[in-house]
Amino acid sequence: MLFIERFQRKTRENPQGHMTAIGHRAGPAARHLPDPRSKAPDPGFPLIDGPHYYDVLAALHEILTPEWYFEIGTNRGGSLKVCPGKFVAIDPEFIFKTFAMGPRAEGHFFQLTSDDFFAQDFLGRTGIRPALGFLDGMHLFEFLLRDFIAFERRAAPGAMAILHDCLPFDQAMTEREWDGRKTRLWTGDVWKTLQILMRHRPDLQFDMLDAWPTGLVLVRGLDPENRVLPEVYDAVVAEFMATDIGRFGPEAYYGQFEIQSSFSAIEAMRAKGRAGPAAIQTET
Ligand SMILES: C[S@@+](CC[C@H](N)C(=O)[O-])C[C@H]1O[C@@H](n2cnc3c(N)ncnc32)[C@H](O)[C@@H]1O
């Protein structure tokens, strides 16, 4: 009975295959998604019920076709698998069981923290300038801020950084220490990094997407010459260390931007992409 109901729901809401604008949960990873109605958001928080973020990442690779992809936080390789080309992947503890290089021409793995990786300046020494970076390492805002600063410095001008977990749907998942008894998902307090970027880098363009389960934020127009963030780093870390989302106010945070449909954003990018991938990375 349960199986039939699940099957009917899948064929109705989760058609398999490429991500298309059919229903709200389409895409190859959709079969793993729980019903978004099974966990109501806390008051003031949004319902994030778009396609699985792996499907959105896959679509971004397809549209942007970066020569080099950069990833902090690879874990089991789920997000790396959807990168079809050359990559640099960082994690202090890779846990690979099924990841295979396949036809990818080149890939560099660094089993290091991102701070240690950047201290070695591999990107500077090799001249590799990634046009797309997924920053999904340590889920504490000061770590993500450092990752953004260091990535931007070595990225291709106009590159896109993708931030994960900046759209939490309850307070428990935003605690700085993960308590597995209170929450299965842990975003940590990386929402603060987005808040800092929006405040101090008005030159960047932000798109907040409803990718399940805790959003993806596309940050476009990276500028390797910009030094604003390193200058304000100590002050903003001290300021934001003293707050949490309850005190800041989820309404105050979420009141500043629209959360877009991933489908619509991808469709818009595909349309622009017909004019060339570079146009998408620097335009809104
Ligand atoms: C949420 S997992 C990444 C998931 C993966 N991106 C995916 O979507 O399938 C976070 C990863 O960050 C790694 N990590 C923790 N601290 C880190 C650090 N200081 N630098 C880089 N990666 C770190 C962890 O080892 C873990 O594998």
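1. Helices and strands: the protein chain has 12 helices and eight strands. Keep in mind that this is a predicted model. Of the 284 residues in the protein chain, 40% are buried. If you take the contacts between residues at least 6 apart in sequence, 64% of them link residues at least 24 apart.

2. On to the core. The largest nonpolar core counts 63 residues. Those with the most contacts inside it are V56, L135, A161, I162, L163 and V217. Have a look at A161: leaving aside neighbours within four places in sequence, its contacts are G133, L135, F148, F151, V219 and L222. As a general matter, nonpolar side chains tend to be buried together in soluble globular proteins.

3. Then there's D55, which sits in helix α2 (residues 53–64). Is D55 buried or exposed? D55 counts as buried because 24 other C-beta atoms lie within 10 Å, and the cut-off is 20 or more. The C-alpha atom of D55 is 8.1 Å from that of V82, though the two residues are 27 apart along the chain.

4. Now the ligand. There are 16 residues around the ligand, and G73, N75, G78, S79 and G137 come nearest. By type, the shell splits into eight polar, five nonpolar and three charged residues.

5. Last, helix α8 (residues 228–241). With 14 residues at 1.5 Å a residue, α8 should span 20 Å, and its end C-alpha atoms are 19 Å apart, so the two values agree. Don't take α8 as straight, though: there is a kink of about 45° centred on D234.

Key:
Residues are numbered from 1 along each chain as its sequence is written. This is a predicted model: local features need pLDDT of at least 70, side-chain atom pairs count only at pLDDT 80 or more; totals for chains, interfaces and linings use all residues. A nonpolar core is a set of buried Ala, Val, Leu, Ile, Met, Phe, Trp, Tyr and Cys residues joined through C-beta atoms within 7 Å. A residue is buried if 20 or more other C-beta atoms lie within 10 Å of its own, exposed if 12 or fewer, and partly exposed in between; C-beta atoms are placed from the backbone. Two residues are in contact if their C-beta atoms, placed from the backbone, lie within 7 Å. A residue is near a molecule or strand if its C-beta atom, placed from the backbone, lies within 6 Å of it. Ala, Val, Leu, Ile, Met, Phe, Trp, Tyr, Cys and Pro count as nonpolar, Asp, Glu, Lys and Arg as charged, and the others, Gly among them, as polar. Helices (H or I, at least four residues) and strands (E, at least two) are DSSP runs, numbered from the N terminus. The expected span of a helix is 1.5 Å times one less than its number of residues. The bend at a residue is the angle between axes fitted to the seven residues ending there and the seven starting there.
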